[in-house]
Amino acid sequence: MSSVDRSSSSRAPWRCLGWAVVALSGAAAVAVLAWSRGEPVNALWMVVAAACVFALSYRFHSAWLMAKVLTIDELRATPAQVHADGHDYVRTNRWVVFGHHFAAIAGPGPLVGPVLAAQFGYLPGLLWMLVGATLGGAVHDSVILFCSIRRGGRSLGQMVREEVGPFAGGAALVSILAIMVILLAVLALVVVKALAESPWGLFTIALTVPIAIAMGLGMKATRFASRGLMTISGAGVIALLAAVWLGKFLPGTPLEGLLTLRQTTLAWWIMAYGVLASILPVWLLLAPRDYLSTFMKLGTVAALALAVIALAPTLKMPALTTFIDGTGPVFAGPVFPFCFITIACAAVSGFHSIVASGTTPKLLAQERDIRVVGYGAMVTEMCVGVMALIAACAMEPGQYFAINMAGAPEVVTAKVTQLGYPVTVSDMQALADSVGEKTMVGRTGGAPTFAVGMAHMFAGVLGSKTALALWYHFAIMFEALFILTTIDAGTRIGRFIVQDALGTVWRPLGHTHSRLGGVVATLLFVGAWGYFLYQGVVDPLGGINSLWPIFGIANQLLAVVALALGTTVLIKMNRTRYIWVTLAPLAWLLAVTMSAGWMKIFSRAPIGFLDLARGLEAKIAAGGTARELATWHAQVLNNRIDAAVTGTFLILVAVVVTANARLWWQLLTRRRPPELHEDRFVPADESPTEVAGSKVAG
């Protein structure tokens, strides 16, 4: 036996002991959090649970998934090499790709979802994130990224059409495009509301564009070499921090007026940015900007984790509240299925499949990077979600509920107190004064709650409450940055999907290297979500606002489509013994989304759209002021639109899943040969010009 073998064997027992300690620590942390009833619980238990689950899942589950289930091949060329065009297909350092991918998938979901779900208590959301992110989300993201890489970077809709059939592919394409339009319009509206009349936030985020372009040019010049990347990354981070710091000097300068934009103006600028991010080469703006944003995101979340460790705050929200029955004041609906709809990005999110079959597979240099990018980014996002949950649950519950309930301060505080969480108008006014706002009552949506919790954590570490306003507005800007990186990546991915559709009309438009096709598809897609965005800005009761309630359901329906495709591909790859890996989360999400969709359409108010519409019609019949009647008519229309759109999405996804299930039966009973539509194997060192357009079936 060599000295190396002896050294490895001698370390093996210590490794086993170390991982056993990690597993027991994580189990103990979850047990303390789950069994505590009434007594104070320290937030550090959440940090320990998340850290242990992260370490164990990445070390063991991801390695098994890559080696046994997917069988990644390090010698196989990726689409970034085979189809390299310097525009969309660009071999990129895996950490830059990780930065782009994480920034694209980590929109508002891991921050806002856990905050809103805190109304059920800290336990349901925590368990869903720990279990869902590892056994569901990380599997979902990795499998779709793998499938797309093996198919030349094809989109989810394309892959469904090729692997399942044209009918299922058409249904998937329609549902994906419709959901993407809703999703991006909603996210863009959040950004508009966060940055309108906010010169500091807009200044910092606007500067990320020239900083990113400079980084992209530098990376291109150094051919993405690791040494040059470190220098460029350091310079980019310094420039970003400088942009954040310089923003506070804007008041009183000419730039303040220039950057104080109305919502309608800002909406046009965001649309213009989406067009640029979609059309420009991916290495010039999109990838470096998302990579740069990741430094700020992960740096801030890491600082928040350190603040939690330093302060060791007590969780003031109980493990379970009485609102698990669906009577919650933040949003209506019982813990099942609505906790699993509200928390998406930090557990399982269908939008991730769009990124994993959009820009990311066109950038990865090697298949082995799927583990770092696909799996690693998902479990990292899980940790972000846990930090957001801590920020919400460490607040006084009375303040939490008052922030997330609309109405006059006197009415809201009285109602919250009646629910068993005492809070006064003076308490809420003191909170508003401390963060530099006029009021904190009715600041719904989750983002202000997270910002308040984060500001108190940072101010507590520094031992001074004087900087609360600074930290609060930093957190709001931080959340807007999270969302904007999802919009730019989502727009580019939407362009690919629209090009797929255009290719069925005229084949040249469907090629990603077609400049005409890219411009036409970008303008069509941005025009679609931009229309709903603009309507949402100018009409508070119409436009995209009417589609807010189905946002979570639509997102999770995408995950159902993706996991169904993943199961089909595993069967065709003769990995039938592993299909439970995708079937288990598929079955859970199918139950969740179908239940939630049915309840949102047919349940009684305040959950069901149709019952809400009938109640409003009764109000109209009873009479009211002209303003009230106009508002009620608009709300009736919105609820009926919500019901129709939700029903349509449920039917389309049911069609896709049924088509997949029919194919599974045919494949498993050998009534149909397993025709696998992968690109043929190309060695990693083979010239791209030798393999363009080649395919294999078998």
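Phe60 is partly exposed, at 37% relative accessibility; the class runs between buried, under 20% relative accessible area, and exposed, over 50%, with a 1.4 Å probe and protein chains only. This is a predicted model, where local features need pLDDT of at least 70 and side-chain atom pairs count only at pLDDT 80 or more, while totals for chains, interfaces and linings use all residues. Residues are numbered from 1 along each chain as its sequence is written, and side-chain values use heavy atoms, leaving out hydrogens and water.

Which residue forms an aromatic pair with Phe60? That is Trp19, in an edge-to-face pair, 5.1 Å centre to centre with 75 degrees between the planes. Rings of Phe, Tyr and Trp (its six-membered ring) pair if their centres lie within 6.5 Å; planes under 30 degrees apart are stacked, over 60 edge-to-face, and the rest tilted. Trp19 is in helix α1 (residues 3-35) and Phe60 in helix α2 (residues 44-70), so the pair ties together parts 41 residues apart in sequence. Helices here are DSSP runs of H or I, at least four residues, and strands are runs of E, at least two, numbered from the N terminus. Trp19 is also partly exposed, with a relative accessible area of 26%.

Phe60 has Arg59 over its face, 4.7 Å from the ring centre. For a charge over a ring, NZ of Lys or CZ of Arg is within 6 Å of the ring centre and within 35 degrees of the ring normal. Likewise, the charged end of Lys362 sits over the ring of Phe496, 4.2 Å from its centre.

The whole structure has 20 aromatic pairs. Ring pairs also link Trp128, Phe336, Phe340 and Trp588 into a cluster.
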